[in-house]
Structure formats: C-alpha cells, structure tokens
Amino acid sequence: MTTVAAVHTALPPHRYPQDRLTEPIGDLCLGPGADRALLRRLHASAGVRTRHLALPIERYAELRDFRESNEAWLTAGLDLAERALTTALTQAGLAPADVDLLVCASITGVAAPSLDARLAGRIGLRPDVKRLPVFGLGCVAGAAGLARVHDYLRGHPGGTAVLLTVELCSLTLQKGDDSRANLVAGALFGDGAAALVARAAPTGTGTGPEGPAGPVVVATRSNLHPGTEHLLGWDVGGGGFRVVIDADVPALVRRELGDHVREFLAGHGLDTRDIGAWVCHPGGPKVLDAVTDALALPDDALTPSRRSLAAVGNLSSASVLHILQGFTEAHRPDPGTWGLVLAMGPGFCTELVLLRW
C-alpha cells in the first residue's frame with residue numbers, strides 16, 4: 001500500500017495580479033503598434049487571477065537567449081525545489097536521508113547534472129539514493145510521476161519515495177512570437193515547484209510505517225491517444241521551447257476521456273458518482289469544461305482545479321500536486337472517500353490515479 005504522507009508547493013516571491021501582466025507580456029510578444037485585442041481577451045478569459053513568476057516581470061525583457069533563460073530556470077528552480085522538498089519531508093516527519101527514490105520532473109528547462117543530482121548534496125540525500133529525472137511528460141507528469149512512484153513502492157515495502165516537479169513556465173515565453181499558442185501560454189501558465197512524499201507499508205501491514213497520513217494509491221492507468229502527437233508539446237528551436245497547444249484539445253477530451261475514465265473506474269466497481277475528490281489538472285477553462293462534459297460531472301466537481309488555476313495559474317506538472325495539497329490540508333475528505341487524480345499531456349496522453357482516504 002502506497003500512502004501519500006505529505007504534499008507541499010513552493011511558489012516564487014514575485015506575485016502579480018493577472019491584469020498587471022497583460023501589457024508587459026504584450027510588450028514581449030507583440031511588435032510595436034500591434035493590435036492587443038486578442039491578447040487582452042485571452043488574459044481576461046483564462047480563469048487566472050494571480051500568478052507567481054520566477055523573475056520580476058521587468059527582468060524578462062533582459063533575457064537575451066535560451067542560454068540565459070535556462071540558467072535562470074536552473075537557479076530559481078533549485079531554490080524552489082529545495083523549499084518544496086525539505087518542507088514536504090518535514091511535514092511527513094522524515095529527513096532527506098530517509099528518501100530511497102527521487103523522481104524529478106520538469107519540462108521548462110534542461111540540465112546535466114540534473115536538478116535532482118544538484119539537490120542531493122545540497123539537502124543531504126544519501127549517496128545511494130535512486131534518482132529518476134524526467135523530461136517530456138509536461139502537464140501529465142504530476143499524475144504519471146505519482147503512478148511511477150507507486151509502481152516502485154509496490155516492490156519496496158517500507159520504502160520512501162518522493163516526486164518533485166519544477167516548472168518555471170514563464171521562462172519559456174517566446175519573445176516576438178505573436179502566435180495564438182504563445183499568447184495563450186502567456187495568459188495561462190505560472191511558475192512553481194511541488195513535492196509529494198509517499199511511503200510503502202512494511203510487508204504484512206495494512207498501513208504506512210507511521211500510520212495512514214494521507215490518501216492511499218489504489219490503482220493507476222496510463223493511456224496514449226494514437227495520432228495526436230501534434231496537439232501538445234514543444235517545437236524546440238534556437239530560441240528554446242516554443243509551445244504547441246492545438247485548439248482541438250478540448251474536443252479530443254470530450255470525445256475520448258469519458259470512456260477511458262469510466263472503464264478504469266468500472267474495473268474497481270466504481271463510477272464517476274463514487275468519486276468525492278477530483279484532482280484534475282487545470283489545463284485551462286475550456287479543458288476543465290470539456291472534462292466536466294465528458295464525465296457528466298456536477299458543476300462544482302472541479303472547483304478545486306478552478307480555484308488553483310485562479311490562484312497560481314497552470315503550473316504544468318506541479319498543478320495536480322498543488323490541488324492535492326488542498327485535499328490533504330484545508331479540504332481533507334472524510335475517511336473512505338474515493339479520489340481520482342487526472343492529468344493530460346503531450347503524446348497526447350492521459351494518466352489516472354485512483355486514491356482513497
């Protein structure tokens with residue numbers, strides 16, 4: 001049995017209301033005298049009230065190339081990763097030396113040695129800690145990372161594993177790119193890091209080593225949707241990571257997600273009405289509407305996702321952990337409540353993790 005012992009999100013100190021970001025982002029993406037009507041509509045309709053950025057907004061104009069953006073990702077990302085990871089471990093009553101596996105996901109920067117390797121000595125991880133840096137999963141990595149942590153812990157009773165996600169989406173914004181995808185990204189995404197600590201019950205017991213601190217992972221499911229690779233991801237070039245967000249994503253969600261989720265739940269004697277805690281990645285208002293429609297959910301089922309989107313924007317892989325943190329703290333479900341972690345990402349793919357409190 002895998003128990004979620006703690007979840008913590010770390011956010012950069014540079015916090016802005018959405019309307020304070022619209023014109024500076026327009027200055028970065030649009031040429032002089034360009035019509036800003038679309039930009040302003042996207043910012044107003046993104047469902048975002050505030051966002052945290054890795055740098056003060058005025059610093060983005062000073063970044064000259066991908067090298068400088070990536071260096072900023074590494075510097076700020078390491079600080080946020082350390083805060084998220086050490087706080088989550090403290091909340092779980094553990095020390096860095098207790099970690100057996102560290103899965104570290106990011107799609108907004110690259111480094112070798114990877115973030116997890118650079119953190120190891122900095123925070124006191126054991127020299128023999130198992131590490132798995134992950135690039136390419138994007139927004140789905142929060143759910144997929146939890147699923148892979150669970151896979152590991154099934155074979156390591158009594159073990160401790162950590163999922164760490166670091167996403168500084170603002171540093172991927174492309175200067176001088178007035179494409180709709182770049183403008184949508186500039187309206188929707190925020191920056192942050194999150195860490196989830198999971199523990200496996202020792203052999204022969206039904207609870208984690210210190211008792212059930214949080215929900216337990218019951219089952220997981222991955223799914224690739226063939227022929228959809230073009231819908232979401234990066235177009236990598238000299239300027240770094242140019243975002244690809246196809247307008248057909250909500251239609252695909254409406255068309256295919258329902259059957260996928262219902263089949264998964266039915267395999268455990270459940271249906272959507274049995275889920276009391278929906279931990280759904282907030283891809284944006286249109287995606288959340290599509291999920292609601294595809295699963296015939298009550299209007300308030302995805303309120304935690306919309307609340308997260310409004311407060312911090314879309315944090316890519318860190319978003320589902322930010323939402324799950326709310327369910328482990330202020331909005332903790334009653335014992336016995338079923339939960340479903342649901343996220344989508346490049347591939348196009350979906351990942352499901354069934355939880356129970």
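These legends describe a predicted model of one protein chain, first as a whole and then in close-up. Local features need pLDDT of at least 70 and side-chain atom pairs count only at pLDDT 80 or more, while totals for chains, interfaces and linings use all residues. Residues are numbered from 1 along each chain as its sequence is written, and side-chain values use heavy atoms, with hydrogens and water left out.

**Figure 1. Overall fold of the protein chain.** The chain holds ten helices and 13 strands. Both are DSSP runs, numbered from the N terminus: helices are H or I with at least four residues, strands E with at least two. The radius of gyration is 20 Å, close to the 21 Å of the globule rule for 357 residues, so the chain is as compact as a globular protein of that length. That radius is taken over C-alpha atoms; the rule is 2.2 Å times the number of residues to the power 0.38. Of the 357 residues, 58% are buried. Buried means under 20% relative accessible area, exposed over 50%, and partly exposed in between (1.4 Å probe, protein chains only).

**Figure 2. Surroundings of L171.** Leaving out residues up to four places away in sequence, L171 touches A54, L55, Y60, L63, S69, A72 and W73. Contact here means heavy atoms within 4.5 Å.

**Figure 3. Two cis peptide bonds.** The bond from A112 to P113 is cis, with omega near 5 degrees. P113 sits in the loop between β4 (101-105) and α4 (115-123). The bond from G347 to F348 is also cis, with omega near -20 degrees. F348 lies in the loop between β12 (338-345) and β13 (349-356).

Figure 4. A296 is not a glycine, yet its phi is positive, about 50 degrees. Its place is the loop between α8 (285-294) and α9 (303-312). A296 is exposed, with a relative accessible area of 61%. S316, not a glycine either, has a positive phi of about 55 degrees. S316 occupies the loop between α9 and α10 (319-328). At 4% relative accessibility, S316 is buried.
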